[in-house]
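Please look over the sequence and the structure first, and then read on.

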Amino acid sequence: MRLNQCYNFHDFRKLAKQRLPGPIFDYIDGGADDEVTYKRNSEAFDGCDLLPSVLTGVENVDLSVTVMGQKLAMPVYCSPTALQRLFHHKGERAVAGAAEKYGTMFGVSSLGTVSLEEIAKQVDTPQVYQFYFHKDRGLNRAMMERAKAAGVQVMMLTVDSITGGNRERDLRTGFSIPFRLTLAGMMQFALKPMWGINYVIREKFSLPQLDAHIKMGSGTSSIGDYFTNMLDPSMNWLDVEEMVKFWDGEFCLKGIMTVEDAKRAVDIGCTGIVISNHGGRQLDGARSSFDQLAEIVDAVGDKIDVLFDSGVQRGTHVLKALSLGAKAVGIGRGYLYPLAAAGQAGVERALGLMEQELLRDMRLMGCQSIEQLSKANLRFR
């Protein structure tokens, strides 16, 4: 299979599976526990039907949105994800370049493999910095100061990951950073030698946002230790309120799933929230993000920008979320599979196909602009 034969999410997934060693693919592909929430995230859209209008004159369609002060050419953005240079040697550089081409927002993770500063110099597209709350309050402030100096527009605190989810696919293969592979995991790497050659001959793998705080050469699982030892499970609303004040700008909480928490985010001064269950990678059995979207938007949508992710595979999924009041929709696996499959060309093809789907579906819905989407054009079964 080749890149020009990829037309949808599942095609990119198939090509990524061809290119990546099994343990790396499973890290992207897997969810927590029995992966019930992971599957439910996409299935939730099937219970919602679109109601199109006709004869509305849709020659010109405007896909642009403004979210947390950022003007985006399309209502889909690339959510921050970790370890991108494991999937393709260009990593965040490739994703940022593709996001800039399509005029949308891109995020760098605390566990990113390219520095905030390098990406800020490379692209002009709005940049989100996703970070975790550490036991070391000084480290939290230092990371925010660094992001501010790099010109990051939006701070995004992940609040659903004070401990790592139980991802059993990774346990079976021994996937960790540094690698501690099982025999089965090593055999899967041997079947994809080109990945290993690339990994060895390219620049050394690192986590530049955290390189002063994690020793990558240790014999233990540094990423596992990071979640276990450095993140602070005592994090509470007062802690986050202090961070919001310290940042003094666009501040978003990622991982909100209840009306009560959304209201607290408004109360402490956040400018955005992301309704998200981390793509089904944290608490298995949690409700799908899409099923929670309407009630949260109804409660706080006029006070704060509500973003949404988890399970998005199609342009019609995006339109359903926007119709319920989401300001923009994030994708993760939706660009990671294309990245793994073909680097920046893959991500550009994925975003291009998404743009085409959105334009076509907006015309078929009879809508000229995103503002025209509303609950009136949805019915739930």
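Helices (H or I, at least four residues) and strands (E, at least two) are taken here as DSSP runs, numbered from the N terminus. The model is a predicted one, in which local features need pLDDT of at least 70 and side-chain atom pairs count only at pLDDT 80 or more, while totals for chains, interfaces and linings use all residues. Residues are numbered from 1 along each chain as its sequence is written, and side-chain values use heavy atoms, with hydrogens and water left out.

**Loops and backbone angles**

His278 is placed in the loop between strand S9 (272–275) and helix H13 (289–300), and Ser310 lies in the loop between strand S10 (305–308) and H14. Most residues other than glycine have a negative phi. His278, although not a glycine, has a positive phi of about 65°, and Ser310, also not a glycine, has a positive phi of about 100°. Buried means under 20% relative accessible area and exposed over 50%, with partly exposed in between (1.4 Å probe, protein chains only). His278 counts as buried because its relative accessibility is 17%, and Ser310 counts as buried because its relative accessibility is 5%.

**The nonpolar core**

A nonpolar core is a set of buried Ala, Val, Leu, Ile, Met, Phe, Trp, Tyr and Cys residues joined through side-chain atoms within 4.5 Å. The largest such core has 121 residues, and those with the most contacts inside it are Phe87, Phe251, Ile273 and Leu293. Helix H15 (residues 333–365) gives the largest share of this core, 14 residues. In soluble globular proteins, nonpolar side chains tend to be buried together.

Contact means heavy atoms within 4.5 Å. When neighbours within four places in sequence are left aside, the residues in contact with Phe251 include Phe131, Met144, Met155, Val240 and Cys270.

Ala321 has its place in helix H14 (residues 315–323), and it counts as buried because its relative accessible area is 0%. Not counting residues up to four places away in sequence, Ala321 touches Phe290, Leu293, Phe308, Ala326 and Val329. The C-alpha atoms of Ala321 and Leu139, 182 residues apart along the chain, are separated by 36 Å.

Leu171, placed in helix H7 (residues 168–173), counts as exposed because its relative accessibility is 60%. Apart from its neighbours within four places in sequence, Leu171 is in contact with Asn166 and Thr182. Leu171 and Val244 are 73 residues apart in sequence and 36 Å apart in space, C-alpha to C-alpha.

**A covered strand**

Strand S6 (residues 127–131) is mostly covered, with five of its five residues buried. In a regular strand the side chains alternate between the two faces of the sheet. Two strands pair if DSSP finds at least two bridges between them; strand S5 (residues 106–109) is joined to S6 by four bridges, and the two run parallel. The bridge partner of Val108 in S6 is Tyr129.

**Cavities and a pocket**

On a 1 Å grid over the protein atoms alone, a cavity is a set of points where a 1.4 Å probe fits but cannot get out, and a pocket is an open set with protein on both sides within 12 Å along at least five of seven lines; lining residues have an atom within 4 Å of a point. Grid points are joined across faces, edges and corners, and a volume is the space filled by probe spheres set on the points. A search of the whole structure finds two cavities of 30 Å³ or more.

| Space | Volume | Lining by class |
|---|---|---|
| Largest cavity | about 150 Å³ | nine nonpolar, three polar, one charged residues |
| Second largest cavity | about 40 Å³ | five nonpolar, two polar, one charged residues |
| Second largest pocket | about 410 Å³ | 10 nonpolar, eight polar, two charged residues |

In these classes, Ala, Val, Leu, Ile, Met, Phe, Trp, Tyr, Cys and Pro count as nonpolar, Asp, Glu, Lys and Arg as charged, and the others, Gly among them, as polar.

The largest cavity is lined by 13 residues, of which Phe9, Gln313, Gly334, Ala350 and Met354 lie nearest its centre. H15 provides the largest share of this lining, six residues. Residues lining the second largest cavity include Tyr132, Phe133, Asp232 and Met235. In the second largest pocket, S8 gives the most to the lining, with three residues.
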